[in-house]
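Subject: Structure handover

Dear colleague,

I am passing on the structure below, which you have not worked with before. Please look through it first, and then read the notes that follow it.

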Amino acid sequence: MTSALPLVIAVDGPSGVGKGVVTRWLATRTGWHRLDSGALYRILALAAVHAGIPLDAHERVAALASDLQIQFIGETEADEAILVGGANWTHEIRAETTGNLASQIATAPVVRAALLQRQRDFRTAPGLIADGRDMGTVVFTDATLKIFLDASPEARAERRYRQLSRKGASVNLDDLFVEVRARDERDRKRTVAPLVAAPDAVVIDTTRMAVPEVLENIEKLLGSRQLDR
């Protein structure tokens, strides 16, 4: 007789809705592990670029997935470090341009298949907080709690603008808005694992919500599912 799999809380949604803040808080709150699945796609896209592989050469890009040695370090955005083969790729991975590269390869079924098991391997005791776009619909369909965060494209572009500006990056709000809309278009209309809320997900629109209010709502969800112990 096999033991039950560790529990999963899946948090999905487009870029700029606060998934990182929410899942880091949840990981600290529960003591569970955290998976940033979007970072895996960013890492794979960067690895392809570094190897000189065109992003539309999907089979070759997918072949890189099995050899990547990845470590996520740190519990907050401030002390976060993402190591690939021992090298710190954090800055490159979090760049807006890398997000656009990742969105391009994420439309390819062969790439998604190559990363599927790698994502599921993060499911270890005592539990997992999974951050992504298809965590509740594809990767962890049996998640104990599924949350879908959403917000208007305008709000998400403004949040990204403030985030990048605080880091000293030179960014243009109008350009960010265009990039957010383009990424939404690719993510929501791809044929494999499109960005959509799972039928049993709790949808939270964060457009006009401050972070404490979002976390308060999720705290109530933890209590209702008896995950607050």
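In helix α10, the buried residues are Val214, Leu215, Ile218, Leu221 and Leu222, where buried means under 20% relative accessible area, exposed means over 50% and partly exposed lies in between, computed with a 1.4 Å probe on protein chains only. Seen down the axis of α10, these buried residues fall within an arc of 110 degrees, so they line one face of the helix; the arc is that of the directions from the helix axis to the C-beta atoms. On the other side of α10, Pro212 and Lys220 are exposed.

Before going further, please note that this is a predicted model, in which local features need pLDDT of at least 70 and side-chain atom pairs count only at pLDDT 80 or more, while totals for chains, interfaces and linings use all residues. Residues are numbered from 1 along each chain as its sequence is written, and side-chain values use heavy atoms, with hydrogens and water left out.

To return to α10, the helix has 14 residues and reaches 20 Å from its first C-alpha to its last, close to the 20 Å expected at 1.5 Å a residue, the expected span being 1.5 Å times one less than the number of residues. The buried residues of α10 pack against β1 (7-12), α1, β7 (145-150) and β8 (202-205), with contact meaning heavy atoms within 4.5 Å. Just after α10, Gln226 takes a positive phi of about 60 degrees.

The next topic is charge pairing. Counting as a salt bridge any side-chain nitrogen of Lys or Arg within 4 Å of a carboxyl oxygen of Asp or Glu, the total comes to 14 salt bridges. One of them joins Glu219 to Arg29, with the closest N and O atoms 2.7 Å apart. This pair links distant parts of the chain, since Glu219 belongs to helix α10 (residues 211-224) and Arg29 to helix α1 (residues 19-30), 190 residues apart. Glu219 is partly exposed at 29% relative accessibility, and Arg29 is partly exposed at 30%.

A second salt bridge runs between Asp131 and Arg34, whose closest N and O atoms are 3.7 Å apart. Asp131 lies in strand β6 (residues 127-132) and Arg34 in strand β2 (residues 33-36), so the pair ties together parts that are 97 residues apart in sequence. Asp131 counts as buried, at 5% relative accessibility.

Within helix α9 (residues 173-189), Lys189 and Glu185 lie four residues apart, about one turn of the helix, and their side chains meet in a salt bridge of 3.0 Å, N to O. Lys189 is exposed at 61%, whereas Glu185 is partly exposed at 43%.

Of the 229 residues, 47% count as buried, and the C-alpha atoms fill a box of roughly 50 × 50 × 35 Å, taken along the principal axes. Residues 24 or more positions apart account for 73% of the contacts with a separation of 6 or more.

With kind regards

Definitions and conventions. Helices (H or I, at least four residues) and strands (E, at least two) are DSSP runs, numbered from the N terminus.
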